[in-house]
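Thanks for coming. I have one model to go through, and I will take it chain by chain. Please have a look at the sequence and the coordinates on the screen first.

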Amino acid sequence: MKLHIVNRAPDAGRAVEQALSAMTAEDRLLLIEDGVQGALPSQVDGFADIEGRLYALRDDLEARGLMGRHDERVKVVDVDGFVTLTEQAERTLSWY
Amino acid sequence: MRYAILLMGAPYSDQASHSALRFARAVLARGHQLETVFFYHDGVYNAARLAAPPQDEPHLVDGWITLNAEHGVALQVCIAAALRRGLMDEREASRHGKSGYSVEAPFELTGLGQLVDLGLNCDRLVTFAS
């Protein structure tokens with residue numbers, strides 16, 4: 001299992017698209033920085049193929065006033081949880 | 001586990017440097033070893049010894065230095081990326097006939113081979129970029 005990390009909003013460039021196309025069936029995706037916009041209910045349908053494997057970083061949601069506005073299908077982790085995800089993955093790939 | 005971080009974002013331009021520092025602290029807090037932070041592309045500006053941000057803002061350069069002092073984290077700067085951006089230590093400044101220098105220990109100028117080595121020998125290499 002690999003952890004993909006995306007720091008771009010879905011409408012900014014092709015980072016999300018590229019990450020999704022590179023993911024295999026067990027891989028997970030973590031949204032950080034502006035990437036957390038992908039966790040909004042209006043955006044999350046773009047991640048339908050990886051439901052249950054989509055994460056967003058709490059600090060970056062909070063910094064943008066989006067905590068509590070994210071879709072409930074997105075798993076929210078703090079920075080400690082971010083490290084845990086990297087522990088559980090055999091490697092990480094960053095898309096930016 | 002042995003971790004390394006690759007940072008390719010300039011300080012204060014976007015969030016990459018802050019994200020990397022935040023992640024570095026969390027890695028150490030969980031008891032892992034953070035071997036190295038490798039600064040590449042615009043990330044090399046994190047090594048500017050003359051950085052003087054406003055006092056009410058996070059001092060990223062000092063943040064890295066603290067990681068080195070308290071946890072022995074190596075701070076490696078790609079020399080090719082650094083020199084072309086005017087970032088060099090005293091030795092390189094002398095070699096290039098410059099009167100000042102902009103990088104000092106604990107930051108060390110090193111080659112890209114070190115990054116390859118980190119990728120091969122660390123358990124996890126996590127990239128933060130702009």
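How many helices and strands does the secondary structure of chain B come to? The count for chain B is 5 helices and 5 strands. Helices here are DSSP runs of H or I with at least four residues, strands are runs of E with at least two, and both are numbered from the N terminus.

A word on conventions. This is a predicted model, in which local features need pLDDT of at least 70 and side-chain atom pairs count only at pLDDT 80 or more, while totals for chains, interfaces and linings use all residues. Residues are numbered from 1 along each chain as its sequence is written, and chains are lettered from A and ligands numbered from 1 in the order in which they are written.

Back to chain B. Along the sequence, its elements follow the pattern β-α-β-α-β-α-α-β-α-β. The radius of gyration of chain B is 14 Å, close to the 14 Å that the globule rule gives for 130 residues, so chain B is as compact as a globular protein of that length. That radius is taken over C-alpha atoms, and the rule is 2.2 Å times the number of residues to the power 0.38. The C-alpha trace of chain B spans about 45 × 35 × 25 Å along its principal axes.

Of the 130 residues in chain B, 42% are buried. Buried means that 20 or more other C-beta atoms lie within 10 Å of the residue's own, exposed means 12 or fewer, and partly exposed is in between, with C-beta atoms placed from the backbone. Among the contacts in chain B with a separation of 6 or more, 73% are between residues 24 or more positions apart. A contact is two residues whose C-beta atoms, placed from the backbone, lie within 7 Å.

Now the sheet of chain B. Its 5 strands form an open sheet in the order 4-3-2-1-5, with parallel pairing. Two strands pair if DSSP finds at least two bridges between them. Strand 4 and strand 5 (124–128) of chain B are the edge strands, each pairing on one side only. From one strand to the next, the twist averages 25 degrees. For angles, axes are lines fitted to C-alpha atoms, for helices over the stretch in contact, and values run from 0 to 180 degrees between N-to-C directions.

Which strand of chain B is largely enclosed by the rest of the structure? That is strand 3 (residues 74–78) of chain B, because 4 of its 5 residues are buried. Strand 3 of chain B runs parallel to strand 2 (residues 33–39) of chain B, with 4 bridges joining them, and here Phe39(B) has Val77(B) as its bridge partner. Strand 3 of chain B also pairs with strand 4 (residues 107–110) of chain B in the parallel sense, over 4 bridges, where Val77(B) stands opposite Leu109(B). Elsewhere in the sheet, 5 bridges join strand 1 (residues 2–7) of chain B to strand 5 of chain B, and Leu6(B) has Thr127(B) as its bridge partner there.

Next, some backbone details. Most residues other than glycine have a negative phi, and most peptide bonds are trans. Ala105(B) and Pro106(B) are joined by a cis peptide bond, with omega about 10 degrees. Pro106(B) is in the loop between helix 4 (90–95) and strand 4 of chain B. Tyr12(B) has a positive phi, near 70 degrees, and is found in the loop between strand 1 and helix 1 (16–29) of chain B. Tyr12(B) is partly exposed, with 15 other C-beta atoms within 10 Å. In chain A, Glu33(A) has a positive phi of about 50 degrees. Is Glu33(A) buried or exposed? Glu33(A) is buried, with 25 other C-beta atoms within 10 Å.

Last, the interface. In total, 11 residues of chain A are in contact with 14 residues of chain B. On the side of chain A that touches chain B, helix 3 (79–88) and strand 5 (91–95) of chain A each supply at least two residues. Helix 3 of chain A gives the largest share of that side, 6 residues.
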